[in-house]
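Let's take a walk through a protein model together. Have a look at the fold, and then we'll pick out a few spots worth a visit.

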Amino acid sequence: MSMSQESAETIALQALAWLAANDDLLPVFLGSTGTVADELRDRAQDADFLGSILDFLLMDDAWVVAFCDTAGLSYDKPMLARAVLPGGKQMYWT
């Protein structure tokens, strides 16, 4: 199943809104990306930054489930969206 760039960006923006509403998780996201809260609105237009939002979300299955339940999305949508955004096709082996 393929997804358009616009759909992927929309999902990432939904994830950003979900993070911004989460008082416990937002500071963790900001600390991990080096972003300050005042930059969020400006950086939300950057596809690379949107990818970093999904990278962060995808680090924990519980976050994915909570976000998808809130947004009414199937649990695979954040991963599919991440693959469409810049850097999403890169494989990381650890």
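A salt bridge is a side-chain nitrogen of Lys or Arg within 4 Å of a carboxyl oxygen of Asp or Glu. Keep in mind that what you're viewing is a predicted model. Searching the whole structure turns up one salt bridge. Its partners are Asp55 and Arg82, whose closest N and O atoms sit 2.6 Å apart. The two come from distant parts of the chain: Asp55 belongs to helix H4 (residues 47-57), Arg82 belongs to helix H6 (residues 77-84), and 27 residues separate them.

Are the two partners buried or exposed? Asp55 has a relative accessibility of 37%, so it counts as partly exposed. Arg82 is buried, at 10% relative accessible area.

Now hop over to Leu58, in the loop between H4 and helix H5 (61-71). Leu58 is partly exposed, with 31% relative accessibility. Which residues does Leu58 touch, if we skip those up to four places away in sequence? They are Val64, Pro78, Met79 and Arg82. Take Met79: it is 21 residues from Leu58 in sequence, and their C-alpha atoms are 7.2 Å apart.

Finally, let's head inside. In soluble globular proteins, nonpolar side chains tend to be buried together. Here, the largest nonpolar core has 25 residues, and those touching the most other members are Leu19, Phe29, Leu40, Ile53, Leu54, Leu57 and Phe67. Zoom in on Leu19: beyond its neighbours within four places in sequence, Leu19 contacts Leu25, Leu26, Phe29, Ile53 and Phe56.

Notes:
Residues are numbered from 1 along each chain as its sequence is written. This is a predicted model: local features need pLDDT of at least 70, side-chain atom pairs count only at pLDDT 80 or more; totals for chains, interfaces and linings use all residues. Side-chain values use heavy atoms; hydrogens and water are left out. Helices (H or I, at least four residues) and strands (E, at least two) are DSSP runs, numbered from the N terminus. Buried means under 20% relative accessible area, exposed over 50%, partly exposed in between (1.4 Å probe, protein chains only). Contact means heavy atoms within 4.5 Å. A nonpolar core is a set of buried Ala, Val, Leu, Ile, Met, Phe, Trp, Tyr and Cys residues joined through side-chain atoms within 4.5 Å.
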